[in-house]
Amino acid sequence: MKKEVPGFVKWAGGKKQLLGQFKNYFPKQINRYLEPFVGGGSVAFSIIKNHMPKEIIISDSNEELINAYEVIRDNTGELIEKLKQYKNAHNKDNYYKARDLQPGKLNKIERAARFIYLNKSCFNGLYRVNSSGKFNVPIGSSKHPAILMEDDLKEISALLQNVTVKALPFENVANYAKTGDFIYLDPPYYPLKKGKSFTTYTKEAFLEKEQEKLSEVFRSLDKKGCKIMLSNSDTDFIKKLYKGYNINTVQASRMINSDATKRGKISELVIRNYE
Ligand SMILES: C[S@@+](CC[C@H](N)C(=O)[O-])C[C@H]1O[C@@H](n2cnc3c(N)ncnc32)[C@H](O)[C@@H]1O
């Protein structure tokens, strides 16, 4: 069976499993689409495939991730060759050699291949950096991780051909919005319990202050006449921030306790400024 959307990285908070429920909440017509926290891209790929917006801007503050989007769009063949080399040479020594490379010293294609390789072969497949921004996840247990997903990369490249890709903080992406645009916001979630947050996609944390700033951006986009949909944790803090907007819940299957083997159903919020 053909997959609903392709993928190229495993990303914490991925929305692939929620696309079926999200369909009820997306606007019918999408002319311009902006996604400032694009992550692994499952929502963007679904919107591009099913709604074919005329103009699309995706962004994320994680520069490694955004470089990978650009290389998949513009240099698919060379990227596939590099990933083949990584796949053929995969073992513990080479994993740690790749992890020790400094991405800033590599060319764009080598940098994207290293990023995808590490994401696919690391423990739990989660991108995590330490406080100085260095990727610090140990090798995963699989002997044959899916390092090269050629069909997905080709499909994503085709989907991205007319897409503008940026590496900006969310508030700067909002400057590109125009009346009538559809904007999906999927920030790092507000933690369910204090101290239990997963806010390590980038070296900057995303706490109360950032959630409040985001709610101000939401309000200013609302005033501008954009349609906005936002995902977040089902918590009183978030419900209070978006009081007066249209709030629904969806059911997601997520890792509980930080133990990858324990998954549970959890309610998450979908907040919109339209019916
Ligand atoms: C929940 S994830 C998005 C998940 C994505 N929708 C998916 O399906 O994979 C949140 C994303 O926000 C990004 N991010 C964190 N802080 C940010 C900021 N201040 N501005 C823009 N992006 C940020 C992270 O790098 C991460 O990719």
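**Getting to know this predicted model**

Trainee: Is lysine 243 buried or exposed?
Mentor: This is a predicted model, where local features need pLDDT of at least 70, side-chain atom pairs count only at pLDDT 80 or more, and totals for chains, interfaces and linings use all residues. Residues are numbered from 1 along each chain as its sequence is written. A residue is buried if 20 or more other C-beta atoms (placed from the backbone) lie within 10 Å of its own, exposed if 12 or fewer, and partly exposed in between. Lysine 243 has 9 other C-beta atoms within 10 Å, so it counts as exposed.

Trainee: Where does lysine 243 sit?
Mentor: Helices (H or I, at least four residues) and strands (E, at least two) are DSSP runs, numbered from the N terminus. Lysine 243 belongs to the loop between α10 (236-241) and β6 (246-256).

Trainee: Which residues of helix α2 are buried?
Mentor: Helix α2 covers residues 42-51. Its buried residues pack against α1 (19-22), β1 (32-35), β2 (55-59), α7 and β4 (182-185). They are Ser42, Val43, Ala44, Phe45, Ile47 and Ile48.

Trainee: How are α3 and α7 oriented to each other?
Mentor: Axes are lines fitted to C-alpha atoms, for helices over the stretch in contact, and angles run from 0 to 180 degrees between N-to-C directions. Helix α3 (residues 63-74) and helix α7 (residues 150-160) pack at about 90 degrees, with axes 8 Å apart. Angles under 35 degrees count as roughly parallel, over 145 as roughly antiparallel, 65 to 115 as roughly perpendicular and the rest as oblique. So α3 is roughly perpendicular to α7.

Trainee: Which residues of α7 does α3 meet?
Mentor: Two residues are in contact if their C-beta atoms, placed from the backbone, lie within 7 Å. From α3 come Tyr69, Ile72 and Arg73. On the α7 side, they meet Leu153, Ile156, Ser157 and Leu160.

Trainee: What separates the centres of domain 1 and domain 2?
Mentor: The bounds come from an automatic or database domain assignment. Domain 1 takes in 16-61 + 170-272, and domain 2 takes in 68-153. Over C-alpha atoms, their centres are separated by 26 Å.

Trainee: How many helices and strands does the chain have?
Mentor: Of the 275 residues, 34% count as buried. The C-alpha trace spans about 55 × 40 × 40 Å along its principal axes. As for secondary structure, the chain comes to ten helices and seven strands.
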